[in-house]
Amino acid sequence: MARRRDPTEVKREMIECGAWPIELFPGVDKRWLCVCMACGDFRRITYSNVVTNRQRPCKTCTDRETAERLRHSQAHVVAFFRALNIRIVGEYVNNRTPIDCVCLTCGESIRPTYGNARRKGVGACGGACKRKKIGDSNRGDAAAAVHLALANDLEPIAAYMRHDDPWPCRCVRTGVIVTPTLGSIKQQGHCCSVCGAMRQGDARRLAPEVAEARVRAAGLEPIGSYPGRVDVPWPCRCACGTEIRPGLRVSEIREGDTRACHNCTSTSYKLDDPGWVYLLTHPQARFVKWGKSTVLEKRLAVHRYQGFDDVCRIWALSTGRLANLLEQQITTWVRGQGAVTTIEQRLMRYKGYTETASLDEISVAAIINFTDDLLAP
């Protein structure tokens, strides 16, 4: 059985070693909160380490003493850095404390430590000299770099510098000037955005008969010949007889998707249904709002939620197509009058901010008079 130690005797031994306990003795191998009697730092140390193994109780004091023991004279350090073409402008404290210096090679202000400056491969200058050293190590062989570029159909038009620097080259296939790095050539091979776009286009291009079959499978009748690309609109006709122009992109068409036709969908603006153009104001923000709808009450409810709750005028039209045209004419005329300020987009969560104008720049009466004149028989 381990002998119980007298707490008073244990405390006396710790104090003799330079550590003043401030807690009850927990045991010989358990951490014990003490205060270093030399520097005043708090340390959690064990009795066995300090008394039995004779370890120093404070790491701070140990490091300070070690640094002081290894410390050189100011003259020695100045001479050492002068041999490295570095001028000391600050004070040398110890081997681990940065010293204010100026590199006489690159002219930059640097803060090396004496210890790091002595280490092989680290170097004292962490500025332009270090960057140059890294660049030189990554440069590689210029002849091998040129050979790699030519093997990937890239003709260098400037001297090779470094592995990660842009390198002007001419694409042998297209004649376009590109600036890849040697690293990107190694990873990707032929680095040309034009060639990449062409490869992507070829991969997405469909045969005319395949594209036409996809359009017909969606319940649409193509108008005219296939434009040659899936991302170009292709005019077509819906089963209901509605012509869709400028058309749909083949990449967007899905089988049985009725959203392609504005008359067949249940959500979009319907050009052939009765339409309305409305004029509203936001009294607090002092903005006027005009717009179109084929579902008037639903649209007005949305705008009321956004603060446009003052209905100034509503014009009924026979079709949504005419309402769309009238809205465009109002927008063009209002902007032409110099009313170019629109309400902040964040205030109109459900869109429509582009068809607004400040009441400080145009009046509601002016918009009403212009619209009435347009619709006059």
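Hi everyone. Let me open with a definition: a residue counts as buried when its relative accessible area is under 20%, as exposed when over 50%, and as partly exposed in between. With that in hand, what does Gly-320 count as, at 0% relative accessibility? Gly-320 counts as buried, because 0% is under 20%.

Before I go on, please keep in mind that this is a predicted model. Everything I show you today is computed from that model.

Let's begin with the whole chain. The chain has 377 residues, and 34% of them count as buried. Its secondary structure comes to 13 helices and 16 strands. Now for the overall dimensions. The chain has a radius of gyration of 40 Å, while a compact globule of 377 residues would be near 21 Å. Along the principal axes, the C-alpha atoms fill a box of roughly 110 × 65 × 55 Å.

Now back to Gly-320. Where does Gly-320 sit? Its place is in helix 12, which covers residues 320-336. Leaving aside neighbours within four places in sequence, Gly-320 is in contact with Tyr-269, Lys-270, Leu-271, Asp-273, Pro-274, Gly-275 and Thr-294. And here is a pair to find on your screens: Gly-320 and Met-37 are 283 residues apart in sequence, and their C-alpha atoms are 90 Å apart in space.

Let's move to Ser-293, in strand 14. Strand 14 runs over residues 287-293. Ser-293 is buried, with a relative accessible area of 5%. Not counting residues up to four places away in sequence, Ser-293 touches Tyr-269, Pro-274, Gly-275, Trp-276, Tyr-278 and Arg-299.

Arg-299 is found in helix 11, residues 296-305. Is Arg-299 buried or partly exposed? With a relative accessible area of 24%, Arg-299 is partly exposed, because that value is between the 20% and 50% cut-offs. Beyond its neighbours within four places in sequence, Arg-299 is in contact with Tyr-278, Ser-293, Tyr-350 and Lys-351. For the pair Arg-299 and Tyr-350, the separation is 51 residues in sequence and 9.8 Å in space, C-alpha to C-alpha.

Next, a look at some backbone angles. Which phi value does Asp-153 have? Phi of Asp-153 is near 60°, a positive value in a residue other than glycine. Asp-153 is in the loop between helix 7 (142-151) and strand 7 (154-156), and it is partly exposed at 27% relative accessible area. Arg-286 also has a phi near 60°, again positive and again in a residue other than glycine. Its loop is the one between strand 13 (275-282) and strand 14 (287-293). At 41% relative accessibility, Arg-286 counts as partly exposed.

Gly-228 is in the loop between strand 10 (220-222) and strand 11 (234-238), and at 23% relative accessibility it counts as partly exposed. Gly-228 and Leu-206 are 22 residues apart in sequence, with their C-alpha atoms 7.5 Å apart in space.

Finally, Thr-46, in the loop between strand 3 (42-45) and helix 2 (47-52). Thr-46 is buried, with a relative accessible area of 9%. Its side chain is joined to that of Asn-49 by a polar contact of 3.1 Å. Setting aside neighbours within four places in sequence, Thr-46 is in contact with Val-28, Asp-29, Lys-30 and Arg-31.

Conventions. Residues numbered from 1 in each chain as written. Predicted model: local features only at pLDDT ≥ 70, side-chain atom pairs only at ≥ 80, totals over all residues. Heavy atoms only, no water. Helix = DSSP H or I, 4+ residues; strand = E, 2+ residues; numbered from the N terminus. Rg over C-alpha atoms; globule rule 2.2 N^0.38 Å. Buried < 20%, exposed > 50% of the residue type's maximum accessible area, 1.4 Å probe, protein only. Polar contact = N/O pair within 3.5 Å; in protein donor to acceptor, adjacent residues only side chain to side chain. Contact = heavy atoms within 4.5 Å.
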